[in-house]
Amino acid sequence: MCFKTRCSIVQSLIAMFMAGTALSSATAADWSDTALSFRTGNDFREPFNPSDIKKYIFALTHVSGYKYGSNFFNVDFLQSDSNDPASFGQTAGAQEAYVVYRHTFDLGKLKGSDVRFGVVRGAGVTLGFDWNTKNDIAYNSRKQMLVLGPTLMWDVPGHLNTSLLLLSESNAPSGPYPPISNVSGRYHYKIHPMLTADWGIPLNTMLSFEGYANLIAAKGVDEVGNETGVETNIDMQLMLDLGAAFGKGKNGLRVGLEYQYWNNKFGNTSLTTGGQGNKASTPMIRVEYHF
């Protein structure tokens, strides 16, 4: 048994994912890329936590294109060190899974003719969801978020896409301490926009510059009545293709440096957190294997 709103959101997530995969299956993929990756850094932060946190992140990523558009799927499995504990009195770190799915319908492919103007090579409509679960000492996030909005595809080497998405986000935290322990059921934030970009730009035959950037508007008050703030999340990578470097074929094993800047993480501001953990500047090393 679950709350009616929670059930409807879960059903929407499942329906959206199934629709995207069904469309892809019905028309064979024109191209696809799947990768396993690992990244780690020592300077992650979490809201209300004054400590720097080391995290190990394992990920599965899949991207593909087909007759009518493209799919993107990523799941991160995050393991924190003892500075982000799983529960009170334990040294074991928190664990989290975070899933992102996006499906973009290419309007040019749907209408049978290119949508081009200026430096724009295409236009589309993107829909998808985020979902997470985390077991930690204070919040225990259970985020669900639906996204929908237009996308522009820019005429650059590699790819650069920008989207303006509306976000419908909710959470059902279950932390053991007030005020989170007083939250009952699933809380829905105000619908709010996000300007987002993702890119993969080849610099030469071996190096590429990749990443994403999100500028997320404030989403009203949170579960305990605090005003949320504008959130900025920029994650960029400089990746070296080891296969190409050693003449073993492109896009197999890749290594690189990654950097993430995150301000007002999840909408938490310095005013509500006392300046603890709402901002992070995190260098990482990254390894990924494509198959």
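This is a predicted model: local features need pLDDT of at least 70, side-chain atom pairs count only at pLDDT 80 or more; totals for chains, interfaces and linings use all residues.
1. Setting aside residues up to four places away in sequence, Val115 touches Leu107, Gly108, Val120, Arg121, Gly122 and Ala123. As for where it sits, Val115 belongs to the loop between helix 2 (107-111) and strand 5 (120-135).

2. Which residues make up the largest nonpolar core? There are seven: Phe44, Ile53, Ile57, Leu78, Tyr98, Val100 and Met284. Strand 2 (53-66) and strand 4 (95-106) each contribute at least two residues to this core. Apart from it there's another core, this one of six residues, including Val147, Leu167, Met194 and Ile216.

3. Leu78 is worth a click if you have the viewer open. Not counting residues up to four places away in sequence, Leu78 is in contact with Lys55, Tyr56, Ile57, Ala94, Gln95, Glu96 and Tyr98. Among those, Ile57 and Tyr98 are also listed with Leu78 in the largest nonpolar core.

4. Finally, Glu169, which you'll find in strand 7 (residues 159-171). Is its position buried or exposed? Glu169 counts as buried because its relative accessible area is 6%, against a cut-off of under 20%. Its side chain makes a polar contact of 2.9 Å with the side chain of Lys219. Leaving out residues up to four places away in sequence, Glu169 touches Lys143, Gln144, Met145, Tyr187, His188, Tyr189, His192 and, again, Lys219.

How values were computed: Residues are numbered from 1 along each chain as its sequence is written. Side-chain values use heavy atoms; hydrogens and water are left out. Helices (H or I, at least four residues) and strands (E, at least two) are DSSP runs, numbered from the N terminus. Buried means under 20% relative accessible area, exposed over 50%, partly exposed in between (1.4 Å probe, protein chains only). A polar contact is a pair of N or O atoms within 3.5 Å; within protein, one must be able to donate a hydrogen and the other to accept it, and residues adjacent in sequence count only if both atoms are side-chain atoms. Contact means heavy atoms within 4.5 Å. A nonpolar core is a set of buried Ala, Val, Leu, Ile, Met, Phe, Trp, Tyr and Cys residues joined through side-chain atoms within 4.5 Å.
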